[in-house]
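Open the model in your viewer and keep the selection panel at hand. We will go stop by stop.

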Amino acid sequence: MRNGTTAPDYPALLERIAADVAPLVGSGTPAEYIPALAGVDPYQFGMAVADLDGNVHGVGDWRVPFSAQSVTKVFALALALAEGGDSLWERVGREPSGNPFNSLVQLEYENGIPRNPFINAGALVVTDRLQTLTGDASSELLEFLRQESGNPDLGFDAEVAASEHEHGDRNAAVAHFMASYGNIDNPVPALLDHYFWQCSIETSCADLALAAGFLARHGIRADGTRLLTRSEAKQINAVMLTCGTYDAAGEFAYRVGLPGKSGVGGGIVAVVPGLCTLAVWSPGLDRRGNSVVGVAALDRFTTLTGLSVF
Ligand code: DON
């Protein structure tokens, strides 16, 4: 528990938030550039809150599985830091890019070093590092998510992975470009496979809220063992706050005031350090690739409770 903070009545709060955002459900557009995601029904909304002890509450479609996509980037970063340490930061920065998540533009004048681990370029470097450290980055990540969520049924979505592969020219370009600067250690085709499998992992809001618990517990895993130092957990939360929603990170910090990581599947994970983790899902995206209703629901959460990192 945060110093002097009393936990809200989560079930009542979630019902209130769901009612508040109901008129918005269906807004935005599901990701169009991955055909397997484009057909998802936009009229879905779920939200879950997990406390530090692993109790989880939810509303709406909070147990419906969806494509985690870039939300997995925060878990990959945590694993790469836990297993390989700080040297990762020699290969990827910690500054907001101010550019779309799939942009190439900064890479050339910044010598193949991506701005941060949450844009696609940075996530490819993180997955490359995890691949070197573990020999099977995507399986390692899936196993980690299973353990932290307590859901052994989590899996990859082969159709989504294949769809991304088929439409993956931009990610391939980013990876090859960084390889030309010596910032990718593994063969690019194998790296792309792991990255696409990673993005295709299916999780529900309940799974994600539970799996992100170590970020609210200052680095402690669901089983009570330590994954990250307190300092590393703080660092990941800080990078989520400044970079987790790409070129909308300033707006997200302004509206929500919590570390958050979005994905084009319409999911967002957010953290109240020392208190709880939140996961929201609604497939309609804004033009920066963040869930319209997801951001609105998190905005309601922090507005109604007064909880934020500020
Ligand atoms: O690499 C891609 O383009 C997707 N697999 C993931 C992008 C994503 O989720 C960006 N987040 N908003």
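**Before you start.** Residues are numbered from 1 along each chain as its sequence is written. This is a predicted model: local features need pLDDT of at least 70, side-chain atom pairs count only at pLDDT 80 or more, and totals for chains, interfaces and linings use all residues.

**Stop 1: the sheet.** Select the five strands in the order β2-β1-β7-β6-β5; they form an open sheet with antiparallel pairing. Strands are DSSP runs (E, at least two residues) and helices are too (H or I, at least four), numbered from the N terminus. Two strands pair if DSSP finds at least two bridges between them. Look at β2 (56-60) and β5 (260-262): each has a single partner strand, so one side of each is left without a neighbour in the sheet. Neighbouring strands are turned by 10° against each other on average, direction ignored.

**Stop 2: strand β1.** Select residues 46-51. β1 pairs with β2 over five bridges, in the antiparallel sense. On its other partner, β7, six bridges join the two antiparallel strands. Now pick A48: its bridge partner in β2 is G58, and in β7 it is A279. G46 stands opposite G60 in β2. Four residues separate β1 and β2 in a hairpin, and G54 in the turn has a positive phi of about 85°. Five of the six β1 residues are buried (20 or more other C-beta atoms within 10 Å; exposed means 12 or fewer, partly exposed in between, with C-beta atoms placed from the backbone).

**Stop 3: the core.** Select M47, A48, A78, C205, A209 and L298. They have the most contacts inside the largest nonpolar core, which has 101 residues. Such a core is a set of buried Ala, Val, Leu, Ile, Met, Phe, Trp, Tyr and Cys residues joined through C-beta atoms within 7 Å.

What does A78 touch, leaving aside its neighbours within four places in sequence? A78 is in contact with F214, L227, L228 and I236 (contact: C-beta atoms, placed from the backbone, within 7 Å).

**Stop 4: the ligand.** Show the ligand and its surrounding residues, among them Q69, N102, E164 and S262 (C-beta atom, placed from the backbone, within 6 Å).

**Stop 5: Y109.** Select helix α4 (residues 105-109), where Y109 lies. Y109 is exposed, because 6 other C-beta atoms lie within 10 Å.

Terms used. Contact = placed C-beta atoms within 7 Å. Axes fitted to C-alpha atoms, helices over the stretch in contact; angles between N-to-C directions.
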